Amino acid sequence: MIHFDIITLFPQIFVSPLGESILKRAQRAELIKITIHDVRSYAEGRHQVTDDAPFGGGAGMVMKVEPIVKAIEQLKQPEGSRVLLMSPQGTLFNQKIAEKLSAWPHLILICGRYEGVDERLQFFIDEELSIGDYILTGGELPALVVIDAVSRLVPGVIGEPLSVIEDTFSCSLLKYPQYTRPRSLRGLEVPEILLSGDHEKIRKWRRQQALKKTLQKRPDLIRMANLSEEDKQLLQEVMHDAHKEI
């Protein structure tokens, strides 16, 4: 089981997403545990202030470091905790990072807000994570992304383990095209090979289509992928067919 502790100024943002679908079932089955903490409860004083004006001047407010550090110190577990700050300045989150995080029994996710967090927090965290090169109003949505991606890798959370293995990015490629009923829609047909019952031909077709889709949409992934000899042959066929179409 993985235990996620979320440190946030806005706990209510998490209520609906974590109370639906797969994440809801995973919590009920005790495959994951998610606890939300209001950072204000760790702040001192009657008003429980969690932000202040930046030294040196400038627009906006900065989150104070003391309440967050207190939360981290109280939540850290002896069996091992990884402390993550959701930040646009962080490492770009991807499937490989999700896989590494899924090996930890306890993850603490800190949701930044306003103009950011006091820089001294860097001495109390293990890693900064970003979900993309754009600015959001806070770290809550990125935290949900991380929780969802990591939870899917916990055994039992996804009913069919093969779907996790074959997911886009799990094998450094985009996933092959998927089809379901009806077989025909306004002249658009399901590929005949998927109806053939020949599992080996279907496997090779799907692999080739995954290579084709990756080459078209994310050629950078092809360059990084660890391709088998069969993959290289299938890729040559894809590129040959593409050249003929031109």
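## Terms and basis

A residue is called buried under 20% relative accessible area, exposed over 50% and partly exposed in between, with a 1.4 Å probe and protein chains only. Helices (H or I, at least four residues) and strands (E, at least two) are DSSP runs, numbered from the N terminus.

This is a predicted model, in which local features need pLDDT of at least 70 and side-chain atom pairs count only at pLDDT 80 or more, while totals for chains, interfaces and linings use all residues. Residues are numbered from 1 along each chain as its sequence is written, and side-chain values use heavy atoms, with hydrogens and water left out.

## Helix α3

Helix α3, spanning residues 65-75, has Val65, Pro67, Ile68, Val69, Ala71, Ile72 and Leu75 as buried residues. These buried residues pack (contact meaning heavy atoms within 4.5 Å) against β1 (2-8), β2, β4 (62-63), β5 and β6.

## The sheet

An open sheet is formed by five strands in the order β2-β1-β6-β5-β7, with parallel pairing, where two strands pair if DSSP finds at least two bridges between them. Its edge strands, each pairing on one side only, are β2 (32-38) and β7 (127-130).

Within the sheet, β5 (residues 82-92) and β6 (residues 106-111) pair in the parallel sense over five bridges, and arginine 82 stands opposite leucine 107 in β6.

## Glycine 132

Glycine 132 lies in the loop between β7 and α5 (140-151), and is buried with a relative accessible area of 8%. The C-alpha atoms of glycine 132 and leucine 188, which are 56 residues apart along the chain, are separated by 35 Å.
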